Amino acid sequence: MDQKMFCYQCEQTAGCAGCTGSAGVCGKTAETSRLQDQLVGAMIGLARAAEGVECPGDGVYRTVIEGLFTTLTNVSFDDDAIRAQIEKTHREKERLLAAPVKREAKAAGMDNSSAEAARDTDDYNLGLLWDLDPDIRSLKSLILFGLKGMAAYAYHALMLGASDETVNQFFLTGLREIAKEGTIESLLPTVLKVGEVNLTCMAMLDAANTGTYGTPAPVSVPLMVEKGPFIVVTGHDLKDLELLLKQTEGKGVNIYTHGEMLPAHAYPELKKYPQLKGNFGTAWQNQQKEFADIPAPILFTTNCLMPPKKSYSDRVFTTEVVAYPGMVHIDDEKDFTPVIEKALELGGYPEDRQFTGINGGTQVMTGFGHGTILSVADQVIDAVKTGAIRHFFLVAGCDGAKPGRNYYTDFVKQTPADSIVLTLACGKYRFNDLDLGTIGGLPRIMDMGQCNDAYGAIKVAVALSEAFGCEVNELPLSFVLSWYEQKAVCILLTLLHLGIKNIRLGPSLPAFLSPNILNFLVENYGIGPVTTPEEDLKALLG
Ligand code: SF4
């Protein structure tokens, strides 16, 4: 390809085709893009070196999980950090190749050197992928982007001490698949396998979150920022939030969640900290506006990080794999003192300040995880049987900057009064401050949590299908999803793996779906783009 860069992994890709100039729409430079591709190529080399190795080891798994997460949209803009990750990946490969005789070599009666000769462990040139036949490129992109999304979830689970050998091994298998010759027939099962393994990964993260922080319970979260020093925490990593809460105890510094951190308020072991006061702001794409003049530091624990504007760049702190050149990075020691000192220096607002959601609401609710919804399953089932609840909509997924996302606000506003809207991920900020009333004591909008809590939505759907003795596709349940980055890709693949049909996807369809692969999804899964709220509601309600 004769372009400065090529990246089409997210929804805002240039011209709905691919970012190819000096920088992507997200602000990622061509050099950062090249390094990210190089990192993926190095991880494929590592995965090849690990083929047939009985125990590649936690170091290999962690390197791959970190590396994939690093290349997710809006995570790392730091070329030095990406170069360091490439070097780390090479070191892991060298360690593997120098290890004592491997299982397959033993079986074949070979020593290490002859086993190596029989296998290509070179880094893969990802440029080859972008130049493939469109259908093969499309399927391999689905595998790669699905793995990237799953890596984010595996990383958060790992931070809580949870790991799964099937998930870890599949990262290596999937990476190897990208470099192999493939046909549509040979690649499709791997695409769906990403979805299957991601279900295991999300279940692992769900168990790690609830095992560590308790079962989420419904809670009303204020959108008021109290006077005095405060810190805004954004991203998905609950462990980072917990560590910050511990380190701010008794310091007179309040903590406010932002974006995907909102559901933290529902976990008993996080909610118990009195300085966790409320939520500030909305979804990631509004950060440059929302952070411009707040008298407080912002800690990014994961994506989505946008290039910080000058107006607040001295107040941005990153941690984990999130990085931006010139911003202070909190390393693995997790000493948040610089963030806390910044909060004390800035001092916060002199008086309490009331903020609102996009629709003017002054509080939002969260905490309707599968534990809560299934605890009132009988009530829900009765409401469906009596006709009090006619339909469930899962209106979920990422928010984003491109026009057309008002669709989701309008859709939710127009859902009939006898329907329930389940939601999760940051797309909910479009409507989570609306008061749509209740049905049988249940709020009509129920926030199930972060994007990874799609696992909870699946659990609820399966439980309902068992209660009604039908397939999930036969339930009065519709999936209306919004996507932006690669975590949405792995969740979509999980839904396809489960055979969920008639998903509405928007605001635009992924550029990496070739016409033939899109046709396959339409014909086999009934997947379709969102149109207008009126038309979609009419079609979904039948
Ligand atoms: Fe473009 Fe998205 Fe890639 Fe950024 S991540 S370069 S916006 S496709």
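**Close-up views of a predicted model**

**View 1. The shell around the ligand.** By class, this shell has seven nonpolar, five polar and one charged residues; Ala, Val, Leu, Ile, Met, Phe, Trp, Tyr, Cys and Pro count as nonpolar, Asp, Glu, Lys and Arg as charged, and the others, Gly among them, as polar. The ligand is surrounded by 13 residues, of which the closest are Cys7, Cys10, Cys19, Cys26 and Thr73 (a residue is near a molecule if one of its heavy atoms lies within 4 Å of it). The model is predicted: local features need pLDDT of at least 70, and side-chain atom pairs count only at pLDDT 80 or more, whereas totals for chains, interfaces and linings use all residues. Residues are numbered from 1 along each chain as its sequence is written, and side-chain values use heavy atoms, with hydrogens and water left out.

**View 2. The aromatic pair Phe393 and Phe411.** The whole structure holds 23 aromatic pairs (rings of Phe, Tyr and Trp, the last by its six-membered ring, with centres within 6.5 Å; planes under 30 degrees apart count as stacked, over 60 as edge-to-face and the rest as tilted). The ring centres of Phe393 and Phe411 are 5.4 Å apart and their planes stand at 85°, so this pair is edge-to-face. Phe393 belongs to strand 11 (residues 391-397) and Phe411 to helix 16 (residues 406-414), so the pair links distant parts of the chain, 18 residues apart (helices, H or I with at least four residues, and strands, E with at least two, are DSSP runs numbered from the N terminus). Both Phe393 and Phe411 are buried (under 20% relative accessible area; exposed is over 50% and partly exposed in between, with a 1.4 Å probe and protein chains only).

**View 3. The aromatic pair Trp483 and Phe512.** With ring centres 5.8 Å apart and planes at 80°, Trp483 and Phe512 are edge-to-face. Trp483 is buried, as is Phe512.

**View 4. Helix 7 against helix 18.** Helix 7 (residues 134-159) packs on helix 18 at an angle of about 105°, and their axes are 7 Å apart (axes are lines fitted to C-alpha atoms over the stretch in contact, with angles from 0 to 180 degrees between N-to-C directions). The two helices are therefore roughly perpendicular (65 to 115 degrees; under 35 is roughly parallel, over 145 roughly antiparallel and the rest oblique). Residues in contact (heavy atoms within 4.5 Å) include Leu142 and Phe145 of helix 7 and Val489 and Ile491 of helix 18.
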